[in-house]
Structure formats: C-alpha cells, structure tokens
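Here is a short note to read beside the model. Keep the structure open as you go through the points.

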Amino acid sequence: MSNRTHLLVPAEGERRRKIRSTLWLGLCGLSAVVVILPLLSIFLYVVQKGAAGLSLSFFTELPKPVGEPGGGMGNAVVGTLTLIGIASAIGLPIGILSGVYIAEVGRGKFADWIRFFAEVLSGVPSITIGVFVYALVVVPMKHFSAFAGGVSLAIIMIPTVTRTTEELLRMVPPHLREASLALGVPEWKTSLFVVLRTAAPGIATGIMLAVARIAGETAPLLFTAFNNRFLSTRVDQPIASLPVQILTYATSPYQDWQQQAWTGALVLVVVILVLNLLARLGTRTRIGAKS
Amino acid sequence: MKPPVAAHREEPEANVEPRLVVEQLNAHFGAFHAIHDITVKIPERRVTAVIGPSGCGKSTFLRCLNRMHELVPGARVKGRVVMDGVDIYDRQVDPVRLRRHVGMVFQKPNPFPTMTIRENVLAGLTLNGVKIKDPDAVVERTLTQVALWSEVKDKLDQSGMSLSGGQQQRLCIARVLAVEPSVILLDEPCSALDPIATARVEELFFELRERYTLVMVTHNMQQAARVSDYTAFFYMGDLVEFDQTPRIFTNPKESRTEDYVTGRFG
C-alpha cells in the first residue's frame, strides 16, 4: 500500500526546495525587467522633456544668441551627418577590406594578431582616441576640424566593421567559394564578388550598428571637431555635432538652451533607435530569404 | 525512365585518345599521403567513373585534375597530369586559367544565392570580365544542354535557390558549360538528389559525353555501371584497377576489385 501513496506524500525538504526555486526564478525575471527599464525610462523621459521643443525650425534654424527666443540646431544636425559621412568614407573601406583580409586572405599568425588588435582597439576609451587624434591631426593642422572629428569616429568604427565583416564572411558556406574558383575565377574576385556579396546584407546590418554607435560619441569630438555656432560643411573647419551641442546647451545656465538640449537628445535617441530597428529588419529579411 | 545504355560498350575499344594523362601522381595533406603514384589515361569524350570506399582518395584524385587540391592549407601534389601536351603542374600554368578548361561540379548543388538563374549561368563569364556578345543565347544554349530551359525559361530572373535540388544541380552544370571547358569533373554529383532527379542528371551525362570528357566520383556502383564507359577503382590511396566499365563489373582482374563491386566490403 505504501508503494502507492508515497507519491502523494510530500518528501522531506520539498517545500523549502519549491520556495527556493520560486525565489530564483523571480530574481531572473526581475533582472530581465531591469534590463528593459533604463532604455524605456530614458526614452520616456527624453520624450517628455524634449518633445515640447520639437519643430521644423529646430532642424532648419541656427542657434540664436542668448536671450533671443527660438533658434534650432540645424548646424548640429548637418554637422553630425557630415561627421558620419567622413567617418564612413574612411572607416568603411578599411574596416571591410581588413575583415576580408582576416577571413579570406591571411591565414595564421598575422591574421590572429590583427583580430586581437581590433578587439583591443574596440575597447579603448573613446576619449583616448580623441586625445590621440588631437595630437595626430589637430596639432599639425593648427585648428580643430571636421576632418579630425571624422578620423576619430572612423577609428572607433573600424574594429566593429572589421569584426562583423570577418564573422559574416566566415558564415558563407565554403562550397560557394569552391564553386567560384572551379569556374576559373581568381581568388580576389571570388572573395569580393562571391563571398563578400553573399554576406553583404549582414555586413550592412553591422555597418548600421557601427554608425549608430558613432552617432552618439561625444568625448572624441571635443578635441577634434570641437563645435561651431554656424552652419558649416567644410572639412577643414570646426563643425557642430548633436552630442557636443547637447553637452554645451545642457551645461549652460539658460533655460531655453537646456530645453533645446533635451530636444537634441530626443532627436539623437530616435536616430539611433531607428538605425537599430533598420538593422534588425535587415537581419530578419535575410533570414526570411534563406528559408 | 529507361536508363541509357551504351551499346558500343560491349566491344572493347581499341584506340581512344587520352584527354588527361596522369603520371605518378601523389597528393598529400600535411603528413598524410592521400594518393600514391597514380598513373592512368583518362579517355577523351567518355565518362570515367571513379569508385572506391570512403577515404580511398577518389575525391582527392579528382581535385588534383583541376588543381583544387592545393587550395587546402598544407596540401601538396607531386607528379604530372598532361593535357594537350602540357603538364598542368608546370610552373607556367596558372591554375585559374586551367580551371576554365577543366570545370567542376560538386556534391551539393551550389548556385550563388545572391544571383538570379540567369546570372548564375553567366557567373563564370561575368566574374572573369569576359565580354559576352549575346548573353541570352549563352543562357538558352547551356540551359537547353542541361534540359532545364523549358522548366525555367519564364523565371530566369528568380533566385537560383528557388529551384529544386535536381534543377539546382543542372543549373550548376549549365554554369560550368557556359565557361566552355573540355573536361568536366563531377564529385558525387547525384548524392544529394532523389532518384528521379538522379535519373535526369545521369541522362544528361550521357549526352554530354558527345562533346566533353567527364570524370565522375561516385559512391554508387549501380550509377557507375549505368553511366560510365570506364571505371577506376581506388582503394587506400592506390589505383587498383582501371578498365572499361563492363569488364570492371563482370570480369575484374584484381580480387580486391571483385570483392568491392560484389559488395564484400566498402
């Protein structure tokens, strides 16, 4: 008889075990919620504070002198786009081609070293990169410039692009490489027009994430692009950018400047959010196309 | 579908021109000696099957014929493979140029996923920067050769991946034919296909041998018997026997060949 009922009687310590299990599961769930909270609250807070200043003139007008109402961050919006453009023009070719080198051309020790250096470089604090570019570009040129800002952002961008390119190239099935080589296609053309082309959608996703990352960089720009109260697209002159403008305005004592800083923060967050969403969308359609 | 049978195969062929003359060919992967002293003449415009148990070196042998073997890190080749009077391992021979004459079809159909059917057929030409006078004619001619034209002529701009496995493999063969090679190497071309697709591809090989020299690695002895004119039996890196296919299967000289083709091992 006892054989039948022993399944119904709680064993010793069973209650304690169940409580412990519930506790740990609860802790995991709570941590998961905490992960979402910062982004969610930042976003809500920035919307709440910044939405009031949002208007077309924010994007088109230049900053007005203190005391005068109105004005916008048109110079900073254009400046950020210019900086991203310069950084991409320098960083993307170097990043992509070095990724191709590691994955396709260089085998062995040298490629391992490049990969290691790229990893360390992506961990270097961005302010250090700013100081370095200051010494390398700003000092010889004798003034701050959009070019110097672009160089510092490119340095931040390169390791991300290199690593993404390498990883995605490795995911391309080797039989495609062989198919191309067996058609009498030289190795470099195989790497660029077959392997890289197959991995292109994924690499585009990585590039978007890299752009999102540099769009919000502030520290390196302080020493390189500096700031500019006027609209400028000149590569050899200081240039405004959203992050630096936000810093300047948020730390100012004037209330309407602080308001504009919030609006600038909102624009920046939305831009980065959109870039991330686009990157996700790209990944999804790529997987959809495969199946 | 009735499997094609070569009527003339019953009679021993006296004089067939060799397309590839392989002399003392050795291949290594690092310290591993994969094939030893292979000497054989691959006859022109015939289907030569290469059979043998797994790991016997038959794929390595095939990959030595268009210098794909040396792409594997640590791989080495010694010996000669003479084609049109030139050793393909001569220092003046560029492997890229060679591969345009000796095409290859792989085990798994591998159309380029980013390209349409049309682009896939032309890939070998466009990637090499060849100016094609009439690309549509090339596409139609090669797809007709592989008996795929009627099935895909209305969807040439769809992805090559949208086709079935057998169609993809025929597309890959068309892609090789577009480069106009004289020799086509086939590395277990039907092992990823179902029996119906296999029958169609086999029929295709039979037609292709009118114009091309085919060398086919296969695990499937019935396939070797059905399709090939000549058969080479590899065992443990050695070429045990090479002869006309009917003789290999009915009256082999070597006992190891007989044991293998009758299914006693392998």
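1. Start with A174(B). Leaving aside its neighbours within four places in sequence, A174(B) is in contact with V121(B), T142(B), L143(B), Q145(B), V146(B) and L148(B). Contact means that the C-beta atoms of two residues, placed from the backbone, lie within 7 Å.

2. A note on the source. This is a predicted model: local features need pLDDT of at least 70, side-chain atom pairs count only at pLDDT 80 or more, and totals for chains, interfaces and linings use all residues. Residues are numbered from 1 along each chain as its sequence is written, while chains are lettered from A and ligands numbered from 1 in the order in which they are written.

3. Where does A174(B) sit? It lies in helix α6 of chain B. Helices (H or I, at least four residues) and strands (E, at least two) are DSSP runs, numbered from the N terminus.

4. Why does A174(B) count as buried? Because it has 27 C-beta neighbours inside 10 Å. The cut-offs are 20 or more other C-beta atoms within 10 Å for buried, 12 or fewer for exposed, and partly exposed in between, with C-beta atoms placed from the backbone.

5. Now the sheet. Four strands of chain B form an open, antiparallel sheet in the order β2-β1-β4-β5. Strands pair if DSSP finds at least two bridges between them. The edge strands, β2 (32-43) and β5 (86-87) of chain B, each pair on one side only. Strand β4 (residues 75-83) of chain B is joined to β5(B) by 2 bridges. V82(B) has D87(B) as its bridge partner in β5(B).

6. Last, the interface. Here 23 residues of chain B are in contact with 17 residues of chain A. On the chain B side, α2(B) gives the largest share, 4 residues.
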